[in-house]
Amino acid sequence: MIFVTSENTIVGVTSEDAASESTTTTLDATALLGAGRGAAVIIASTSAARGEAADTTGPILVDWLRSRGYDCPEAIVVRDGEPVGQTLRTLLIDTPADERPRIIVTSGGTGLAPDDRTPEFTAELLERQSPGLVYAMWRKGLESTTSAVMSRGVAGVRGRTFVINFPGSKGGVRDGITVIDELLEHIQTSVEDTTDHGPRV
């Protein structure tokens, strides 16, 4: 479970708590920035989609987004490759504009294996990319493992939806949450064009 302090910062994330429906999340009013907005989590894992392995990152991501006030259903678990692209197209194109999630987070399929194509499917649907967010996640990941830079994830916007690719590991997901959570409000207000930019100087 993710706990948010009065300073609106994450102080703990565990997959065990994320999977427990009985655990109570402690939030303050500013943490509920996603209220009235939808979110979606896509897990790219062939083994999990086949029922051969547990989805260990989906519950963490879903719990994080719910803790921020987003209406987020359980993670969509699909095979690597084309099923990821089809799911993204369903959410970003086939779904009516006013019903699309405001945030889509994927986990998995960002490595170098032949069927790791999550970044490619994501990039072709984005209108604008934000590479600095991915760079920040690389930098955070490098604090614990050099393999963090092997993740090829992308981030960006289509319409009023922000999309970001997280790695498939629990460590990579926790690093991604740490980076993106403190930027989430600014990302949302920017995408929705509700930021007060102030005078240009």
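Two strands count as paired if DSSP finds at least two bridges between them, and helices (H or I, at least four residues) and strands (E, at least two) are DSSP runs numbered from the N terminus. By that reading, Thr106 has Asn165 in S6 as its bridge partner. This is a predicted model, in which local features need pLDDT of at least 70 and side-chain atom pairs count only at pLDDT 80 or more, while totals for chains, interfaces and linings use all residues. Residues are numbered from 1 along each chain as its sequence is written, and side-chain values use heavy atoms, with hydrogens and water left out.

**Sheet**

- Six strands make up an open sheet with mixed pairing, ordered S2-S1-S3-S6-S5-S4.
- Strand S2 (76-78) and strand S4 (128-129) are the edge strands; each has a single partner strand, so one side of each lacks a neighbour in the sheet.
- Strands of a sheet pair through backbone hydrogen bonds, in a parallel or an antiparallel sense.
- Strand S1 (residues 39-44) runs parallel to S3, and five bridges join the two; Ile42 has Thr106 in S3 as its bridge partner.
- Strand S3 (residues 103-107) also pairs with strand S6 (residues 161-166), in the parallel sense and over five bridges. Here Ile103 is bridged to Phe162 in S6.

**Burial of S3**

- Buried means under 20% relative accessible area, exposed means over 50%, and partly exposed lies in between (1.4 Å probe, protein chains only).
- Five of the five residues of S3 are buried, so the strand is largely enclosed by the rest of the structure.
- In a regular strand the side chains alternate between the two faces of the sheet.
- S3 is covered on both faces: Ile103, Val105 and Ser107 are buried on one side, and Ile104 and Thr106 on the other.

- Helix H3 (residues 58-67) has eight of its 10 residues buried, so it is largely enclosed by the rest of the structure.
- The buried residues of H3 include Trp64, Leu65 and Asp63.
- Helix H6 (residues 131-141) lies across S4, strand S5 (155-158) and S6, and runs at about 30° to S6. Contact means heavy atoms within 4.5 Å; axes are lines fitted to C-alpha atoms, for helices over the stretch in contact, with angles from 0 to 180 degrees between N-to-C directions.

**Salt bridges**

- The structure holds eight salt bridges, each defined as a side-chain nitrogen of Lys or Arg within 4 Å of a carboxyl oxygen of Asp or Glu.
- Arg68 is bridged to Asp181, with the closest N and O atoms 2.8 Å apart. The pair links distant parts of the chain, 113 residues apart: Arg68 is in the loop between H3 and S2, and Asp181 is in helix H7 (residues 170-181). Arg68 and Asp181 are both buried.
- Glu82 and Arg89 form another salt bridge, with the closest N and O atoms 2.3 Å apart. Glu82 is partly exposed at 40% relative accessible area, and Arg89 is partly exposed at 21%.
- Arg102 and Glu192 meet through their side chains in a salt bridge (2.5 Å, N to O). Arg102 lies in the loop between helix H4 (82-94) and S3, and Glu192 in the segment after helix H8 (184-191), so the pair ties together parts 90 residues apart in sequence.
- Arg102 is partly exposed, with a relative accessible area of 22%, whereas Glu192 counts as buried at 12% relative accessibility.
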